[in-house]
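Let's walk through this one together, a question at a time. Have a look at the picture first, then we'll dig in.

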Amino acid sequence: MIYFDKVTKRYGDTAALEDVTLSVAPKEFLSIVGHSGAGKTTLLKLLLAEERPTDGSVFFESVDINDLPNSALHHYRRKIGTVFQDFRLIPNKTAYENIAFAMEAAGRDDAEIASDVPYILELVNLADKARHFPDQLSGGEKQRIAIGRAIINQPDLIIADEPTGNLDPINAFEIVEIFKKINELGTTVMLTTHNKGVVDAIGGRVVTIDRGRLVRDDVGGEYIL
Ligand code: ADP
């Protein structure tokens, strides 16, 4: 369970978020929509403990993440997989190596890497592109590597900040399908977008943020701005 309790985040005079209360249940798929500058990224940064609220608290599995000592943050963030608009892949490593490298960095041994990477590549429909480098892949394929990398630690939650922002509609739809599959396997997904087609394809709960305020929370998957 994720709970934002009356969260305000100010940067100087700018209120990036204002009095936001939001709960997200385990295994939920939540779309967060809003214009550029509405506060979507700020919401995700607070959840990753990259920023601290000015007021209010953010809870993850009943723990106020602002109470976590720095030494515990690393472990906390391992529960969360992240995907960004700009993919953030290592250019001189193949699809396989990008995922394997992240597993190595997470302390996994060679046997685990050898057994898990092919499974992950299969899950993101990239088994046939394992030896391709990022610049030999389409935007959608690059994003699928990034999603594969985000799930190596079997996270409880995936945070995706505008994951389809650089993709055409067909690739965007493929990415949505993969997030849906991962969600069906039991992972909570929180995704920001300003693409109506993406929201409609997800078809789940939609939270709308406008100038820092949570202005709508629709279970039916409506996109209204
Ligand atoms: P979104 O992701 O919806 O585009 P953001 O959360 O990035 O919106 O930004 C919300 C508001 O907070 C914007 O007005 C933005 O300019 C401001 N903001 C975000 N990060 C910072 C920062 N590090 N310093 C100052 N202002 C910021």
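A helix here is a DSSP run of at least four residues, marked H or I, and helices are numbered from the N terminus. Keep in mind that this is a predicted model.

Q: Which residue with a positive phi follows H3?
A: Start with H3 itself, which covers residues 95–105. After H3 comes a residue whose phi is positive, near 85°. That residue is Gly107.

Q: Which helices do the buried residues of H3 pack against?
A: Buried means under 20% relative accessible area. In H3, the residues that pass are Ala95, Asn98, Ile99, Ala100, Ala102 and Met103. Their packing partners are helix H4 (110–123) and helix H5 (139–150).

Q: Which element gives the most to the shell around the ligand?
A: The shell includes Thr14, Ala16, Lys40, Thr41 and Thr42. Strand E2 (14–24) and helix H1 (40–47) each supply at least two residues. The top giver, with three residues, is H1.

Q: How many charged residues does the shell around the ligand have?
A: Sort the shell by class and you get three nonpolar and seven polar residues. Lys counts as charged, and Lys40 is in the shell. The charged count is one.

Q: How much of the ligand does the protein bury?
A: Look at the oxygen atoms of the ligand: a backbone N or O atom of Gly37 lies 2.6 Å from one, and a polar side-chain atom of Thr42 lies 2.6 Å from an oxygen atom too. Taken alone, the ligand exposes 570 Å². Of that area, the protein buries 60%.

Key
Residues numbered from 1 in each chain as written. Predicted model: local features only at pLDDT ≥ 70, side-chain atom pairs only at ≥ 80, totals over all residues. Heavy atoms only, no water. Near = heavy atom within 4 Å. Polar contact = N/O pair within 3.5 Å; in protein donor to acceptor, adjacent residues only side chain to side chain. Areas by Shrake-Rupley, 256 points an atom, 1.4 Å probe, with all protein chains shown as cover. Buried < 20%, exposed > 50% of the residue type's maximum accessible area, 1.4 Å probe, protein only. Contact = heavy atoms within 4.5 Å.
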